[in-house]
Amino acid sequence: MELKSTLDPTNKLLRSWNPTGDPCTGSFEGVACNEHRKVANISLQGKGLSGTLSPAIAELKCLSGLYLHYNSLSGEIPRELTNLAELSDLYLNVNNLSGNIPSAIGSLKKLSVVALQHNKLTGEIPSSLSNSLTLTRLDLGFNSLSGGIPMGVAQITQLELLDVRNNSLSGIVPSGIYSPVSFYLVLPI
């Protein structure tokens, strides 16, 4: 319920999330559970959410998919997100999120998609992402990220898409990143 109160502070959009209800009965909009009756997915894309993402997200230990794209969420991505060992799909793109990408995000061993494009994120691309060997898509375009692309990103053999367009990146592009990766980089003129 703490997650609900921060995602939907006006209590107008997630009314089906009832404190006396059970999220695994199908009555909580956008929530799906696994076979052990633990929350596995939260799919609330394009719902008009205007709050923040609470550190309480870390209490959902079995969460594998977080789909909150196309909303108006603000604030920072909570560091506690890096405690979600089962997380494979992270879609927080097209929001108003700010601050840094949590530096330990690469410790998530099942991470497949990181979609954070079209936010207001700053700081550097975490070098820990080089440890995400299951990563297939890293979409960081249209933010205000600075620094370079971590060298280890070129070693992620599963990576199919790397989009870092429209940021303030500098330095060299790691060798080996071009093929077979779909790589999008817009260089300043």
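**Strand pairing in a predicted model**

The UniProt annotation "domain: Leucine-rich repeat-containing N-terminal plant-type", from an unreviewed entry, covers residues 2-34. UniProt positions are given in the numbering used here, feature names are shortened, and annotations may be inferred rather than shown by experiment.

Trainee: What kind of model is this, and how are residues numbered?

Mentor: This is a predicted model, where local features need pLDDT of at least 70, side-chain atom pairs count only at pLDDT 80 or more, and totals for chains, interfaces and linings use all residues. Residues are numbered from 1 along each chain as its sequence is written, and side-chain values use heavy atoms, with hydrogens and water left out.

Trainee: How much helix and strand is there over residues 2-34?

Mentor: That stretch is 18% helix and 9% strand, with its end C-alpha atoms 21 Å apart. Helices (H or I, at least four residues) and strands (E, at least two) are DSSP runs, numbered from the N terminus.

Trainee: What does β1 pair with?

Mentor: Strand β1 (residues 31-33) pairs with β2 (residues 39-43) in the antiparallel sense over 3 bridges; pairing requires at least two DSSP bridges between two strands. Val 31 has Ile 42 in β2 as its bridge partner. The hairpin has 5 residues between the strands, and Arg 37 there takes a positive phi near 60°.

Trainee: And which residue in β3 partners Ile 42?

Mentor: Leu 66. β2 and β3 (residues 65-67) pair in the parallel sense, over 3 bridges.

Trainee: Switching topic, what is the strand order in the open sheet?

Mentor: β4-β6-β8-β10-β12, with parallel pairing. β4 (74-76) and β12 (168-169) are the edge strands, each pairing on one side only.
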